[in-house]
Amino acid sequence: MLMDSFRSKIVPVTTLLALLVVAWYGFAVVLNGPFQRDLDRRAGEAPGTVEFLMRTWSQPKPTLPAPHQVAQNFYKSTFTVKPWSNRSLIYHSWVTLSSTFVGFVFGAGLGILIAVGIVHFASLDRSLMPWIITSQTIPILAIAPMVVVVFAAVGITGLFPKALISTYLSFFPVAVGMVKGLRSPETMHLDLMRTYNATRPQVFWKLRVPASLPFLFASMKVAVAASLVGAIVAELPTGAVAGIGARLLNGSYYSQTIEIWAALVAGSLVAVMLVALVGAAGRITERAMGGRPA
Amino acid sequence: MSASPAISPSTLPRSLPPWQIALALLAVVAGLALQSGGVAGEGPANIWAALGLVALAAAGAWALAGRPLAEAAILFLGAHGAAWLLLSGIAGHEGQARASFYLALGGAWLLAWRCVTVLSLEKPASLSGRRMLGLLIPVIFGAWVLILWEAVVRGAGIPFLLLPPPSAIAARIAASSAVLAADVRQTVFKAVVAGYVIGCAAGFVAAIAADRFVFLRRGLLPIGNMAAALPIIGVAPIMVMWFGFDWPSKAAVVVIMTFFPMLVNTVVGLSASGHMERDLMRTYASGYWPTLFKLRLPAAMPFIFNALKINSTLALIGAIVAEFFGTPVVGMGFRISTEVGRMNIDMVWAEIAVAALAGTLFYGAVALAERAVTFWHPSIRGG
Amino acid sequence: ADKVVLQLKWVAQGQFAGYFVAKEQGFYEEEGLDVEIKNGGPDIAPEQVIAGGGADVIVTWMAAGLAARDKGVNLVNIAQPFAKSGLQLICPKDGPVQTEADFKGHTLGVWFFGNEYPFYAWMNKLGIPTEGGPDGVTVLKQSFDVQPLIQKQADCISVMTYNEYWQAIDAGFKPEDLVVFNYTELGNDLLEDGLYVLEDNLKDPAFEDKMVRFVRASMKGWKYAVENPDEAAEAVMEAGGQDENHQKRMVGEVAKLIGDGKLDPVVYERTAKALLDQKIVSKEPEGAFTTAITDKALQ
Amino acid sequence: MNAIASHQPATATPTASPGTANVVAANRLGLTFQTNDGPVQALSNVDLTIGKGEFVSFIGPSGCGKTTLLRVIADLEKPTSGTISVNGMTPEQARQHRAYGYVFQAAALFPWRTIADNVALPLEIMGVAKAERAERIRRTLELVNLTGFEKKYPWQLSGGMQQRASIARALAFDADLLLMDEPFGALDEIVRDHLNQQLLELWARTQKTICFVTHSIPEAVYLSTRIVVMSPRPGRVTDVIDTNLPKERPLDIREMPEFLAIAARVREGLRAGHSYED
Amino acid sequence: MNAIASHQPATATPTASPGTANVVAANRLGLTFQTNDGPVQALSNVDLTIGKGEFVSFIGPSGCGKTTLLRVIADLEKPTSGTISVNGMTPEQARQHRAYGYVFQAAALFPWRTIADNVALPLEIMGVAKAERAERIRRTLELVNLTGFEKKYPWQLSGGMQQRASIARALAFDADLLLMDEPFGALDEIVRDHLNQQLLELWARTQKTICFVTHSIPEAVYLSTRIVVMSPRPGRVTDVIDTNLPKERPLDIREMPEFLAIAARVREGLRAGHSYED
Ligand SMILES: Nc1ncnc2c1ncn2[C@@H]1O[C@H](COP(=O)(O)OP(=O)(O)OP(=O)(O)O)[C@@H](O)[C@H]1O
Ligand SMILES: Nc1ncnc2c1ncn2[C@@H]1O[C@H](COP(=O)(O)OP(=O)(O)OP(=O)(O)O)[C@@H](O)[C@H]1O
Ligand SMILES: Cc1ncc(C[n+]2csc(CCO)c2C)c(N)n1
Ligand SMILES: [Mg+2]
Ligand SMILES: [Mg+2]
């Protein structure tokens, strides 16, 4: 079943990716062209069209690297170096992945807790909810360095402050989705539980939770992506030692666009993996709940 | 739902006080003990008065239980009166607060909490009354976040560069309103609005396209997942390269950030309609588009609004973060990063406060629209 | 060994080679110090870190240090390894800007986050408004790289002699393609990388002694780095630097800026005045530097 | 045997059979819904007492307030005027004592639970032990003839089967008062007859009190000790008929003249409540 | 007047009245659902032809496949064996020609549309002009006696009212073939009688073909030209009865001996299909 859906995806994904790659090469010419022309003019050369195209696709620090440049760099820093060395994308991905994961687990947990509180206590619903929303409008990158600084001041460094930023970004989608989900049971089902004089925990576990699961998984997909963004953002002010964020930042200090893109690809792969994991978990629960095929 | 049957006031004194009141009274007792143990004339002023006021209000509220409005009023006055006493007493004694100060503060906070609890159980008959309460409750809550922040920062003497007190931030907002207004115009009204509209629309259209063509759905969703996680930090410099350093590049970042949540939620929402309803449309040989517009989109609305809400906050964050890269010398993100470097931390927080206000208003507008559009959904109809 | 935490202004790179070398070569250890070097980043304000107790001593620019002092973080300069400024403005020769007189009506890239003061001081001196328009210059907050020049989004951009300038060269500009406005040569330089501590700490003789040893070892490190740039670059790479060739070149360029570690009061005065003129600081700074440490450390 | 024992005016309180305690007592009960489109008076001045062990049917045109009345008894809706007590308590207290089982007009099964698990739901909530639970599920599913469908999910069952599953769910937990809102609406005559007999047997055996909404006049007459006829806009009680048929009721009692007489009276009351007499 | 015209063996194909084209023709039709719990044979070897203008009722125990059969005709379910044609086309083509109106067993109203808008839905889809739409909504809502509830939302109506709204929705768009799955299940006798008459009148006037699932034997006999009796596990046709009652049918035809004879035969067929003969 899983294999099947995998195969049915391969063809469309590769076709679309191929289209993307072609468009990408085109963009690379458009974006790298002007500077290449400047270079050639300064060097007093006048290359032919083909030569010009090749040059736009092989600049050392292009505005938009060509796909094969990114692929080469990605290959080089994934497979030709020791996985645990500072130059390996695997190592950096792992660093980011671990704080993403920790942050996501805490974020999802916190989001669920908040949603449960909001659904059960009118006072929380009415006083907390608006401020949770406000909390999300605070620009995280402005706070992230301060958070890291404050934690560092009390001697907490490493994974924890990063995971905290991830938590901060990921709890919100979960909280919003879960509030919606926990309130989604039909009136008649709630009435039924009322006739049993079911306690709140019983209504919660036997009705609200199962009814909310589709919402939970949809919002967890968003949350896990947000968590990754949080982890990467949080890696910036930590002195850019390790992690995909560090790679991006280092790349951008030295305009190493090819490295930036390779790191972006690594980050995206990590994201796809995480979202796919959440999706698979969602499908498994759905099936366990007797889900009707669409 | 389960409002307890009204208890007549006369039976009250013998019933147990609510836990917030009980704790507040405990805090007062502890505070009095500690304060009398300390050396008089040192540390913040007004502690005796504040402790007394908390005790009075707590006792009064206990006696008035069962008459919610009176109880709430006395709690409100007691809590905020004590807070005012404490805050004015700390002036000139920054960093010298002792346990009794925090106990008095905690007591006042508990009273405010109780006040909010009492108020949230009220269901005024009139619409305007409900609106008032709906506003008052979060405002009290928010006010206490600020009061606690102010009191702790000043009581503990936390360095200004780490965290300025709200009063300093408010002063800065008042003093720099012209700069703030220019920044809001640049970031919110140009970058955020454009990016949000384009991003949400693009996500929506992509979701419809993915829905219409199975091929696209299979191909686009995994790629969409990838694009979603494209960390803005990496995209922002690229967008600056592509779209220049003015607001269009920020709008582009916002587009990228808002696209994915919209795509995912819409795709999920489009499959949210019931089987029987879809069968019904089949019996009408309803084409793809009529089914979409008359059944699947309305049924998807709760999900779509979910995305619109999440995006309303993401958009602002995205635009501000994008301004950390190349910008003209105006904009909220520019100001934040620049003023951190200049050690004007109060200005940083002023921008953050304005951003939070703008974001909350934005979110509120979307939430209102949601209520109007998905009035039929059990979560709005009440459940 | 006595513990010292040093907060850098930026990521690990040749700019800080002296400190990495001192640690690597055991100079700190010899002085009985256990030094922890914390890398900075684009949004780390070392002044904030030290105010929060996260560091004992920081590397920062004088302008930012004085601004923080004005805000109540009583920073004191205890040593000034960088005698000269590495900041310059570069413009392509085939562009519209050839001399200072051409600035009007054009777009200039400037770094903010406390690095913008030298530029504003310069414009102030030239009498050019910075609000844009035909008679002023349009200021662009520049990112970490030389892209605005390549993309022609700015007519001139800020570079450090030891860093971004070489990125421009790497990107295909030849030195003769560029017009260079060097702040030091124009006499507009404000003091760059110096070592700063909190005034209150300095009152403690034990701390003062620690700093004497720290400065002594650091300057020894710098000396070593200037003499052995390749080895210094290696130390930088060990500490998390990127792009070895670039780091070697950077150490070589930084070497040209390094002095004996003592603060030049003349440049200090110029820096302080420039800040006061721009109202970056509200009052004439007092006690913002001390020579006591360098006097003891560098006999 | 007197088929029609008493005929009270509609607004008077019909007294319960002497010697039995009142299970439900409503007094000038009224309920008005506020809608976007103005208020809807779903119940108006309803007076009603139901004694212990009675089997009361509610019949009336669609929209006359039968469901609403049952919901008020079950404390799912608060009356806007008048008073009502259940087992001598407020409906809320009665609900908290788990005084009744309720069969909704629609099946209201949880889509994520199998049929057996749906029936198990109230038992889980009331803390019935696992073994006991299994036994009761088996028994009640057999009663409604759904043996063999334990592991199916609701959407895999036909409409009538879903309805029967929901009846099983209400019977599994053994409440003294049963509120049933058209439980047999989606069932064919044979199953219906079968379940009617089962229900009567259960009632006779266990002395339960049953409030039963139905649209079928023969069903109402066959099952009930008393029939409450209602009429819409505003919803009110127009007639209360004691059937006084023997407790032992073979199916062919439905051809007896007493039976037919009562049915005729119900039909007449029902017709009067309709706006279109054609 | 011959009440029972022909009695064919259950598996033989009953021929439609001569001279009329076949609207539905099923040949050895079978449908098996795959469930978590093994396959369920919902239809097995169903042979059936329905001629133009016929009124065919389907009756049978709950779960015998009536809904499934209707869904196959409507192209909502694909048969797993055998063939079926509708109006001489495949069910899919027929559906695309909007050959039929369907009333579901549950009301399936859209919660975001008022009652009037729900009835308007098929008209909008089929591109009926606005004025015409308003007129048809008025007329069909009147037919089901829901005038005055145009602006209410579905959740503000009682179960029976929702059911009637869904009937109105199917009638509003004037298809030649009506597939109705227990449309009157939630209605009381009076409304039911009323709507039965309305439906017969409509049928007689418009020459529609109607496939009608019901659980009420009298209703089936009263309405139909032909009654198909089904039996479960596996779902199959056990009897097909031509009623041959006159087209004009006053309500009291239900007391005539011909009527009762047919009803008895249906009841017998029905009982045979039940597993519990007690
Ligand atoms: N939630 C509600 N909001 C507004 N009006 C309502 C609501 N529920 C019911 N009504 C109205 O109250 C009246 C009585 O409804 P009720 O459901 O009690 O009827 P009923 O007798 O059970 O009908 P049926 O036999 O069709 O189920 C109807 O006119 C209905 O429109
Ligand atoms: N989607 C499905 N998946 C699996 N089994 C199904 C599904 N739909 C129906 N069935 C099974 O098919 C059989 C026939 O169901 P159907 O709904 O046609 O019965 P019905 O005759 O309409 O009954 P009722 O009168 O109760 O509505 C039943 O045994 C049911 O369990
Ligand atoms: C955001 C940002 N601000 C300043 C610089 C310039 N810069 C280059 S090296 C260095 C360290 C100073 O000692 C500085 C500040 C930059 N690249 N990015
Ligand atoms: Mg009802
Ligand atoms: Mg059915």
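Buried area is the accessible area, found with a 1.4 Å probe, that two parts lose on being put together, summed over both. The size of an interface is often given in this way. This is a predicted model, in which local features need pLDDT of at least 70 and side-chain atom pairs count only at pLDDT 80 or more, while totals for chains, interfaces and linings use all residues. Residues are numbered from 1 along each chain as its sequence is written, chains are lettered from A in the order in which they are written, and side-chain values use heavy atoms, without hydrogens and water.

Start with chains C and A. Together they bury about 2700 Å², and 52% of this area is on carbon and sulfur atoms. Three residues, D43(C), F144(C) and Q242(C), supply 18% of the area that chain C buries against chain A, more than any other three residues. In terms of contact (heavy atoms within 4.5 Å), 39 residues of chain C meet 29 residues of chain A.

The side of chain C that touches chain A has 13 nonpolar, 17 polar and 9 charged residues. Here Ala, Val, Leu, Ile, Met, Phe, Trp, Tyr, Cys and Pro count as nonpolar, Asp, Glu, Lys and Arg as charged, and the others, Gly among them, as polar.

Next comes empty space. Rolling a probe the size of a water molecule over the atoms shows where such space is left. On a 1 Å grid over the protein atoms alone, a cavity is a set of points where a 1.4 Å probe fits but cannot get out, and a pocket is an open set with protein on both sides within 12 Å along at least five of seven lines; lining residues have an atom within 4 Å of a point. Points are joined across faces, edges and corners, and a volume is the space filled by probe spheres set on them.

There are 12 cavities of 30 Å³ or more. The largest cavity has a volume of about 470 Å³. It is lined by 27 residues, and W10(C), P42(C), W111(C), N115(C) and F144(C) are the closest to its centre. The lining comprises 15 nonpolar, 8 polar and 4 charged residues.

The second largest pocket holds about 1500 Å³ of space. Of its 48 lining residues, E189(D), P218(D), E189(E), P218(E) and R267(E) lie nearest its centre. By class, this lining has 17 nonpolar, 10 polar and 21 charged residues.
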